[in-house]
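Hi everyone, thanks for making time. Could you bring up the structure on your screens, so that we can walk through it together?

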Amino acid sequence: MSQSQFIRIYQRKSKSPWDDHSTLLLLADIDETSSDQYALQFTRYIYLHRDERGQHLGISISKSLLEEHTEFDSQYLEDFDMRMLLLMYKDDISAFCEMFADEFKQVFGLPPSIYFDAAEQFWAEEMIQAEA
């Protein structure tokens with residue numbers, strides 16, 4: 001069985017600030033020059049970090065995304081900042097995750113497009129409540 005590009009279980013301690021066990025790749029660049037549709041580059045990426053039980057801890061973003069979004073102090077985001085960035089890239093993330101639709105459905109129970117449409121409403125409501 002080949003190793004998944006979507007789900008990565010750590011073999012050693014990660015550099016993140018969390019006690020994480022695995023990550024899910026939510027966004028990466030696709031190498032358009034490659035004949036392999038899954039040839040990924042990691043100049044712009046978003047990873048979702050999870051603990052051993054699969055609970056979401058936060059996201060990490062690439063240095064290039066951090067440079068684009070000077071409102072963030074760290075490449076490790078959680079809570080309000082995490083939701084804000086996920087909302088900004090929701091359509092890109094959803095389209096990217098379609099490449100891994102079967103694995104995505106195993107983890108989240110829904111296809112990416114349905115999951116992110118529902119998540120968008122939920123995250124937006126949580127952000128409004130957090131600002132109130």
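Let's begin with Ile 9, which touches His 21 and Ser 22, where contact means heavy atoms within 4.5 Å and residues up to four places away in sequence are not counted. Ile 9 sits in strand β1, residues 7-9. Its relative accessible area is 45%, so Ile 9 is partly exposed. On that scale, buried means under 20% relative accessible area, exposed means over 50%, and partly exposed is in between, using a 1.4 Å probe and protein chains only. Ile 9 and Arg 50 are 41 residues apart along the chain, and their C-alpha atoms are separated by 9.5 Å.

A quick word on where this comes from. It's a predicted model, in which local features need pLDDT of at least 70 and side-chain atom pairs count only at pLDDT 80 or more, while totals for chains, interfaces and linings use all residues. Residues are numbered from 1 along each chain as its sequence is written, and side-chain values use heavy atoms, with hydrogens and water left out.

As for the element names, helices (H or I, at least four residues) and strands (E, at least two) are DSSP runs, numbered from the N terminus.

Next, a loop residue. Asp 73 is in the loop between α1 (63-68) and β5 (76-77). Is Asp 73 buried or exposed? It counts as exposed, because its relative accessibility is 80%. The C-alpha atoms of Asp 73 and Leu 48 are separated by 18 Å, and these two residues are 25 apart along the chain.

Now to the helices, and I'll take α2 to start. Asp 79 has its place in α2, and its phi is near 55°, a positive value in a residue other than glycine. Arg 83 is also in helix α2, which covers residues 79-88. Arg 83 counts as buried because its relative accessibility is 17%. Which residues is Arg 83 in contact with, leaving aside its neighbours within four places in sequence? They are Trp 123, Glu 126 and Met 127.

That takes us to the packing of α2 and α5, which pack at an angle of about 140° with their axes 10 Å apart. Axes here are lines fitted to C-alpha atoms, for helices over the stretch in contact, and angles run from 0 to 180 degrees between N-to-C directions. The two helices α2 and α5 are therefore oblique to each other. For the wording, angles under 35 degrees count as roughly parallel, over 145 as roughly antiparallel, 65 to 115 as roughly perpendicular, and the rest as oblique. The α2 and α5 crossing is left-handed, which is the term if the near helix is turned anticlockwise from the far one by less than a right angle; clockwise gives right-handed. On the α2 side the contact is made by Phe 80, Arg 83, Met 84, Leu 86 and Leu 87, and on the α5 side by Glu 120, Trp 123, Ala 124, Glu 126, Met 127, Ala 130 and Glu 131. By class, the contact of α2 with α5 has 8 nonpolar, no polar and 4 charged residues. Ala, Val, Leu, Ile, Met, Phe, Trp, Tyr, Cys and Pro count as nonpolar, Asp, Glu, Lys and Arg as charged, and the others, Gly among them, as polar.

On to α3, residues 90-97, whose axis comes within 9 Å of that of α5, residues 112-131, with a crossing at roughly 155°. So α3 is roughly antiparallel to α5. This crossing of α3 and α5 is right-handed. Lys 90, Ile 93, Ser 94 and Cys 97 of α3 make the contact with Pro 112, Ser 113, Phe 116, Asp 117 and Glu 120 of α5.

Then there's α4, residues 101-108: its axis and that of α5 come within 9 Å and cross at roughly 45°. That makes α4 oblique to α5. Ala 101, Phe 104 and Phe 108 of α4 meet Pro 112, Tyr 115 and Phe 116 of α5. What classes are in this contact of α4 with α5? There are 6 nonpolar, no polar and no charged residues.

Tyr 115, found in helix α5, touches His 56, Phe 104, Phe 108 and Leu 110, not counting residues up to four places away in sequence. Tyr 115 counts as buried because its relative accessibility is 18%.

Last, the aromatics. One aromatic cluster is formed by Phe 6, Phe 96, Phe 100, Phe 104, Phe 108, Tyr 115, Phe 116 and Trp 123. A search of the whole structure finds 11 aromatic pairs. Phe 116 and Trp 123 form a tilted one, 6.4 Å centre to centre with 55° between the planes. Rings of Phe, Tyr and Trp (its six-membered ring) pair if their centres lie within 6.5 Å; planes under 30 degrees apart count as stacked, over 60 as edge-to-face, and the rest as tilted. Both Phe 116 and Trp 123 are buried.
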